[in-house]
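Dear colleague,

Please find the structure below, followed by a short account of what was found in it.

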Amino acid sequence: MFDRYQGGEQAVLVHVNFITESAREDLEELKLLVSSAGVEAVGVVTGARNAPDARLFVGSGKAEEIASLVKAMHADVVIFNHALTPSQERNLERIFECRVIDRTGLILDIFAQRARTHEGKLQVELAQLRHISTRLIRGWTHLERQKGGIGLRGPGETQLETDRRLLRERIKHILKRLEKVEKQREQGRRSRKRAEIPTLALVGYTNAGKSTLFNKITQSAVYAADQLFATLDPTLRKFDLGDIGPVIFADTVGFIRHLPHDLVAAFKATLTETRDADLLVHVIDAADERQAENRQQVNAVLEEIDALEIPQLLVFNKLDLLEGVSPRIEYNEEGVPERVWVSAATGAGLELLEQVLRERLAPKMVETLLCLPPAEGKLRGALYQLQCVQREQVQDNGDMLLSVRLPFIEWQKLKKHYAEKLDVFSSAAEHQ
């Protein structure tokens, strides 16, 4: 049902420069996408237009030029670095006499190759079904042939109507299954919130090095490669952040400019991990000359999923590809760490990143004085077991004055066990 690359196919790439910024795409990014899909680019055709041609997108002259190149290079497919309408695809296929794929179809195909989990496969299939539902007429010669024969004469469904009905039923079925997955994810998020475990979501442009950073910090073995959309399925890992306590790291799918809306909608359950995070760790490829533009694209997707208001920490990665730049922390005017420069590949600066994460999550720490009577040796032992005692002073009457600093979650657990005692001991400490 879907356009699937089998690897080794040869493609002619088409890239058009438009005057308006919103319609522009990046040719180098198209080449990376094509490479990630396992297709060999045998030719590139570029052009410039004020606006797309309604019938052929590129105009008749340019279409003939592409058709000649397709025949000369024996290409199997023509890939446009733009979104095409179904009618434009059909018209171009008649001229080129081969398959035509637009940017959305290409990204969907890469996602189809990368999906590993049951949920990921369902999300990709949903996005593909929504995409091809407008392109059903393509490739069929019998669509308007009505069912006939004895017992079946009279008004009936055309093949096109049948296919559309089957698509609608399949989409409904997938949505129901994804709804179950979303409920399971929501239960996991609720239990983490009850436990007051902070969640950090790694976000960023595709191929910025999120998975490599994730693996280094959490000592995991998530698949990481120098290609677009190497990570598709979200991965959660618990990580101990010193005196902050346990935190959850979420490695998410990379973003890209003009990410197809079908994909954003299909990956809603995955992207919710980003929307519910306490802190977004925005990983940026410091060696990419388009880093500023890529940041804008990431923020545009975050805005689309209502996650732009969540605090961000900018992590400039791939310092090993830059000369004369060393790991460092940059603070804003309020003295809050805002940017960290690291290299996930070599591990340089990762201790600075952990330091910054502790600083950014520090407001969730509790610092207080407790005055414990000699009889409260059990509570004193529990505090020492949590390694949260900063200083201890024994008073003349035998009372123990303890200065403690511990994660809010651990403080809440202590309050459950020792009820009102902690309030009494805190109040007693104030009068010392």
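Lysine 176 is exposed, with a relative accessible area of 60% (buried means under 20%, exposed over 50%, and partly exposed in between, with a 1.4 Å probe and protein chains only). This is a predicted model, in which local features need pLDDT of at least 70 and side-chain atom pairs count only at pLDDT 80 or more, while totals for chains, interfaces and linings use all residues. Residues are numbered from 1 along each chain as its sequence is written, and side-chain values use heavy atoms, leaving out hydrogens and water.

Lysine 176 belongs to helix α6 (residues 159-194); helices are DSSP runs of H or I with at least four residues, and strands are runs of E with at least two, numbered from the N terminus.

The whole structure contains 13 salt bridges, each defined as a side-chain nitrogen of Lys or Arg within 4 Å of a carboxyl oxygen of Asp or Glu. In one of them, glutamate 29 pairs with arginine 103, their closest N and O atoms lying 3.0 Å apart. Glutamate 29 is in helix α1 (residues 27-36) and arginine 103 in helix α4 (residues 103-114), so the pair ties together parts 74 residues apart in sequence. Both residues are buried.

Lysine 62 also forms a salt bridge with glutamate 65, at 3.3 Å between the closest N and O atoms. These two residues are three apart in helix α2 (residues 60-73), and therefore about one helical turn separates them. Asp26, Asp288 and Arg290 are linked in a network of salt bridges.

Yours sincerely
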